[in-house]
Amino acid sequence: MTRTVLVTGATSGIGRVAAERLGARGWRVLVHGRNRDRGAQVVDAIESAGGEAAFHRADFADFDAVRGLAARVREEPRLDALVNNAALSAGEYREVEGVESTLAVNHLAPYLLTHELLPLLRESAPARVVVTASGVHYRGDVDPDDLSVDEYDALDAYARSKLANVLFAVELADRLDPEAVTATAYHPGFVPDTGLYRDASLPVRAGTWLAARVPFVGTSTSEGADGLVYLTDSDEVAGVTGAYFAGRERTTPDSRAEDRALRERLWDVSADLVGVDPDWP
Ligand SMILES: NC(=O)c1ccc[n+]([C@@H]2O[C@H](COP(=O)([O-])OP(=O)(O)OC[C@H]3O[C@@H](n4cnc5c(N)ncnc54)[C@H](OP(=O)(O)O)[C@@H]3O)[C@@H](O)[C@H]2O)c1
């Protein structure tokens, strides 16, 4: 039996490295991203190393595209892991699907994707959902009853989406039988050498460009990918659920992750925004 994983955001950065490593470990890798050329390169790299892979394109700013991706993945006989890793940091305010784009792409799209793929994950149990969040979630602020944005700040928007990732992973874990499907959230460290900052303001891009070149600043893309592979593949974390990891280290997320009312409210509002019944799984 070949285990299958969908890695979203696998055309670049830590997702790309994690996808290639999982391929080398014998996983069939469904490589997701927007850029077809880079997607084909990742598939080639996995296949050249003797692995199995397929590319699936979907823009997470379009929820129909997310549903389409899920429909294509459901044609697979099994899905043993879903790595919700795709994300962006939008330099400017944009609204998609009626919501600020960073929240839509980074939180609502993976919420919807997980909803659509959970039956297949359950059929393939034991299965895992890994959500790439970020340490920046500690400074995020989310009010599910008011997701509007008065004055746009790219870092605030990104931090809000990453807090939503943590709240989602913990709430999902709470709702699932850990013997069937586990859910964890992950912080890779500050990884300046990825594409994440490509749409950021000029000072942020200049700072990260420099940070990527100064020794001992930040985490390498290779190291950043390590924890993703660990949480997806390692027996050491089999059955571990509702936990937040920085690298391979289990650590304490922001105390709001323990706020059940906040988690549930975000869950319900998210369901409403993507058009699914909140009473899942
Ligand atoms: N870099 C850091 O310092 C850092 C720190 C903490 C957490 N993280 C998290 O790590 C994860 C991976 O980021 P990274 O740093 O590796 O960045 P990256 O190199 O920019 O990779 C982001 C991936 O997400 C995909 N993506 C972006 N917007 C998308 C959209 N609208 N629809 C579909 N896919 C989209 C990209 O696909 P295309 O390129 O094909 O468009 C790419 O494959 C993210 O969740 C990020 O929040 C990063």
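**View 1. Asn106 and its contacts.** Neighbours within four places in sequence aside, Asn106 is in contact (heavy atoms within 4.5 Å) with Ala87, Leu88, Tyr158, Ser161, Lys162 and Asn165. The model is predicted: local features need pLDDT of at least 70, side-chain atom pairs count only at pLDDT 80 or more, and totals for chains, interfaces and linings use all residues. Residues are numbered from 1 along each chain as its sequence is written, and side-chain values use heavy atoms, with hydrogens and water left out.

**View 2. The setting of Asn106.** Asn106 belongs to helix H4, residues 101-123; a helix is a DSSP run (H or I) of at least four residues, numbered from the N terminus. With a relative accessible area of 1%, Asn106 is buried (under 20%, using a 1.4 Å probe and protein chains only). A polar atom of the Asn106 side chain lies 2.9 Å from the backbone oxygen of Leu88.

**View 3. The largest pocket.** The volume of the largest pocket is about 1,000 Å³. A pocket is an open set of points on a 1 Å grid over the protein atoms alone, where a 1.4 Å probe fits, with protein on both sides within 12 Å along at least five of seven lines; lining residues have an atom within 4 Å of a point. Its lining has 49 residues, and Ala87, Leu88, Ser89, Gly195 and Leu196 lie nearest the centre. Helix H5 (154-175) is one of the elements that give two or more residues to this lining, and H5 gives the most, with four residues.

**View 4. The second largest pocket.** This pocket holds about 270 Å³ of space. Among its 14 lining residues, Ser148, Val149, Glu151, Asp156 and Arg160 are the closest to its centre.

Technical notes:
Buried means under 20% relative accessible area, exposed over 50%, partly exposed in between (1.4 Å probe, protein chains only). A polar contact is a pair of N or O atoms within 3.5 Å; within protein, one must be able to donate a hydrogen and the other to accept it, and residues adjacent in sequence count only if both atoms are side-chain atoms. Grid points are joined across faces, edges and corners, and a volume is the space filled by probe spheres set on the points.
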